[in-house]
Amino acid sequence: MDFNIFKNLFLEVLKFRRAIENCDKNILPASFHSFPTASCGDASIILAHYLKEKGFGEFDYILGKRMEKSHGWLKQNEIVVDITADQFEDNNESVIVTINSKWHNEFNGEKLHIADFNIYDENAKNLLLSAYNEIIKKI
């Protein structure tokens, strides 16, 4: 990936993370009420939708487990994107956009599916679309 594209990807991910932080958590799904803690699944899926809208293509949703704690993030080829890693005591990065993350490798993550809420049932899709619409108002 070209350095400028990588830099732009990081900046868009950072904007999205800040937008979530600036949202009223009471109007977002319950999974965001203690953001970033326990928000990785929904946050990743919604972020993937935003990145696709911005022209970065599709991402995979990766789920892994380490020391009885699960974690989800995005991956596109070798690029790892994570906006909730700072929920863990051994990671203070609120935004991660990198290639082949050693920290993420510790979770032995596996691709679950394409990161797109449009593949979910109607209720889940509408819930995440509503959250997405609230979040992008803050960008």
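# Predicted fold and aromatic cluster

Phe 88 and Trp 103 are both buried, where buried denotes under 20% relative accessible area, exposed denotes over 50%, and partly exposed covers the range in between (1.4 Å probe, protein chains only). The model is predicted: local features require pLDDT of at least 70, side-chain atom pairs count only at pLDDT 80 or more, and totals for chains, interfaces and linings use all residues. Residues are numbered from 1 along each chain as its sequence is written, and side-chain values use heavy atoms, with hydrogens and water left out.

## Overall architecture

Four helices and five strands make up the secondary structure of the protein chain; these elements are DSSP runs numbered from the N terminus, with helices (H or I) of at least four residues and strands (E) of at least two. Read from the N terminus, their order is α-α-β-β-β-β-α-β-α.

The protein chain has a radius of gyration of 14 Å, which agrees with the value near 14 Å for a compact globule of 139 residues. That radius is taken over C-alpha atoms, and the globule rule is 2.2 Å times the number of residues to the power 0.38. Along its principal axes, the C-alpha trace spans about 35 × 35 × 30 Å.

Of the 139 residues, 45% count as buried.

The protein chain carries 16 positive and 21 negative side chains, and the centres of the two sets lie 4 Å apart. Lys and Arg count as positive and Asp and Glu as negative, without His and the chain ends; each charge is placed at NZ of Lys, CZ of Arg, CG of Asp or CD of Glu.

## The aromatic cluster

Seven aromatic pairs are found in a search of the whole structure. Rings of Phe, Tyr and Trp (its six-membered ring) pair if their centres lie within 6.5 Å; planes under 30 degrees apart count as stacked, over 60 as edge-to-face and the rest as tilted. Trp 73 and Phe 107 have ring centres 5.9 Å apart and planes at 65°, so this pair is edge-to-face. The partners come from distant parts of the chain, 34 residues apart: Trp 73 belongs to strand E2 (residues 69-76), and Phe 107 to the loop between helix H3 (102-105) and strand E5 (110-114). Trp 73 and Phe 107 are both buried.

Phe 88 and Trp 103 also form an edge-to-face pair, at 5.5 Å centre to centre with 70° between the planes. Here 15 residues separate the partners, with Phe 88 in the loop between strand E3 (79-82) and strand E4 (96-99) and Trp 103 in helix H3. Together, Trp 73, Phe 88, Trp 103 and Phe 107 form one aromatic cluster.

Not counting residues up to four places away in sequence, Lys 65 touches Ser 70, Glu 106 and Phe 107.

## Loops and backbone geometry

The loop between helix H1 (3-22) and helix H2 (40-53) holds Pro 36. A cis peptide bond, with omega of about 10°, joins Phe 35 and Pro 36. Ser 39 is also placed in the loop between H1 and H2 and is buried, with a relative accessible area of 0%. Beyond residues up to four places away in sequence, Ser 39 touches Ser 31, Phe 32, Ser 34 and Thr 84.

Met 67, in the loop between E1 and E2, has a positive phi near 45° although it is not a glycine. Its relative accessibility is 68%, so Met 67 counts as exposed. Asn 100 lies in the loop between E4 and H3 and has a positive phi of about 50°, again in a residue that is not a glycine. With 43% relative accessibility, Asn 100 counts as partly exposed.

Glu 78 is located in the loop between E2 and E3 and, at 42% relative accessibility, counts as partly exposed. Asn 100 is one of the residues that Glu 78 touches, together with Thr 98 and Ile 99, when residues up to four places away in sequence are not counted.

## Selected separations

| Residue pair | Separation in sequence | C-alpha to C-alpha distance |
|---|---|---|
| Lys 65 and Gln 76 | eleven residues | 19 Å |
| Ser 39 and Phe 56 | 17 residues | 22 Å |
| Glu 78 and Leu 127 | 49 residues | 30 Å |

Terms used:
Contact = heavy atoms within 4.5 Å.
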